Amino acid sequence: MAYISRFLMLIVIPLLISLSPFCSSNPIQDTFHQCLSTNTNSLTQLPNIFFTPKNTSFTPLLNSTAQNLRCIASYAAKPEVILTPLHENHIQTAVICAKKLGIQLRVRSGGHDYEGSSYTSVMDPPYVVLDLAKLRGIDVDIEDGSVWVEAGATVGELYYRVAEKSKVHGVPSGLCTSLGVGGHIVGGAYGSMMRKYGLGADNALDAKIIDANGNILDRKAMGEDVFWALRGGGGGSFGIILSWKLKLVPVPETVTVFNVGRTLEQGATKILYKWQQVADKLDDDLFIRVIISTGNIPNTTQRTVSTTYNALFLGDVGRLQGIMKESFPELGLKKEDCFQMSWLESVLFIAGYPRTVPTSVLLAGKPAFLNYFKAKSDFVKDPIPEAGLEGIWERFLQEDSPLMIWNPYGGMMGRISESSIPFPHRNVIFKIQYLSTWMNPEKEVMNKHVDWIRKLYNYMAQYVTMFPRQAYVNYRDFDLGMNDKNGDDTSFVKASYWGTKYFKDNFNRLVKIKTEFDPDNFFKHEQSIPVLPLKSRKGQNVLKRFKHKKGKKVIHH
């Protein structure tokens, strides 16, 4: 396939360059521009949506929603073109042209991919970025109990527009308000109501996508297998998400939140050990995550580890206090620690905004801060002993700006089958997100911090899931493995190394669906789902041997 693509470009490029009125002296840019000009009905709009590195707007546009500064550093690859479609037909034309010319597409909705694979690349083939930021329509239907939201809208915008229509409806989706909805849901989408209602992907009712042939498909047209794959199978493998239809869920008019901090000197180790034993067993209305960082002991220069219990309760403060006294008295929650507010206001609180910030900030669609970072993830089935926690503290105090976030599971998460959608991480007590952040752009500085987080990850192996060691696909981590750098198709066996970490046995079904739906492997990136060589007997045998295993039926959405 790669040979054919290169052969086509050798024939087509010289011809189109000679015809093109757009001259950039770059064959890929020229031919892509010419193809778009020939096929789009909105020719007059092309100058406003087509950007090359020669445009003064190119770099600001590339950087505009890049959440990880590491991925736009001087040493990171840059696209040949950024296209900012205004209409669905712009995307359709881009797909048709990219496939015809053998150009790789990257699709960005919110720019939150942890390795930047929606706008940069560590693979050899040149690529074009489709930035969907201008496609952010939201249509809330309270009577139907649903909302259609376009891929470029942010989670914060979605929440705001729902709350604008109803104070007693919400969407069970992400914690970070600048997430692009398109790529967020396709990875699973957990949030502070996950223990009550499950993931965003568990509550997806329909979707519109563009396939590798430029066709627009809804759930009925794409079929249930592809719709299954989209809900947690990771972005960039099956098609381009145009919009999602999501279920609205009931929320109280008043909810309760709290932040309670405990340092090592205040008994943080024993409290966190107890949290591990109760976090997944608490009332479904209660979500308590733990944010672990470092700081100085007050009035000293001595560093310590701080744990902050960041919580949402779908109820009033009185009922919350009763639950905490019975199940988790060790935290010592007091009434004055708690704040009652609307569900929309709680979104800002959980995301870390000061209480003085108005909810209208959600319409800005921008993160509160940016930095360089490297992240990894794990899932935990058994409490980490106090000695294990002390080993974490020792390593934390060796790093400049370390961060861990522990998210509780249980509740609805444990009542949904592992095979209901591709996201398989159900029977765990909590998920760990590891982060190391820095602000120096030098590559040597990056290497230092990446080395630290890899060593911490190695230390944690003894305390987390194994066979496979599970990971969350929306916390993309290239350390787990990648597709072939040259752009050729990757073997099933090689891709299984990271694929089973993200999807467990669901990876086998994802590969089968990918092979049938996108047999030319047009939608491809460093960790996209691979295709099997179905025309070969060997490929057929591999497919049979790894046939999808159905998990026991619990609840299927």
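Which residue does a disulfide join to Cys35? I started my notebook with that one.

I am working on a predicted model, so local features need pLDDT of at least 70 and side-chain atom pairs count only at pLDDT 80 or more, while totals for chains, interfaces and linings use all residues. Residues are numbered from 1 along each chain as its sequence is written, and side-chain values use heavy atoms, with hydrogens and water left out.

**Cysteines.** I searched the whole structure for disulfides (cysteine sulfur pairs within 2.5 Å) and found one. Cys35 is joined to Cys97, with an S to S distance of 2.1 Å. The pair links distant parts of the chain, 62 residues apart: Cys35 sits in helix α2 (residues 27-39) and Cys97 in helix α5 (residues 88-101). Helices here are DSSP runs of H or I, at least four residues, numbered from the N terminus. I read a torsion of about -85° about the S-S bond of Cys35 and Cys97, so this disulfide is left-handed.

Next I looked up burial (buried is under 20% relative accessible area, exposed over 50%, partly exposed in between, with a 1.4 Å probe and protein chains only). Cys35 and Cys97 are both buried. Cys176 is in no disulfide, and its nearest cysteine sulfur, on Cys71, is 15 Å away. Cys176 is partly exposed at 32%, and Cys338 counts as buried at 11%.

**Helix pair.** I then turned to α14 (residues 386-396) and α16 (residues 443-460), whose axes lie 11 Å apart at an angle of about 170°. Axes are lines fitted to C-alpha atoms over the stretch in contact, and angles run from 0 to 180 degrees between N-to-C directions.

How values were computed:
Helices (H or I, at least four residues) and strands (E, at least two) are DSSP runs, numbered from the N terminus.
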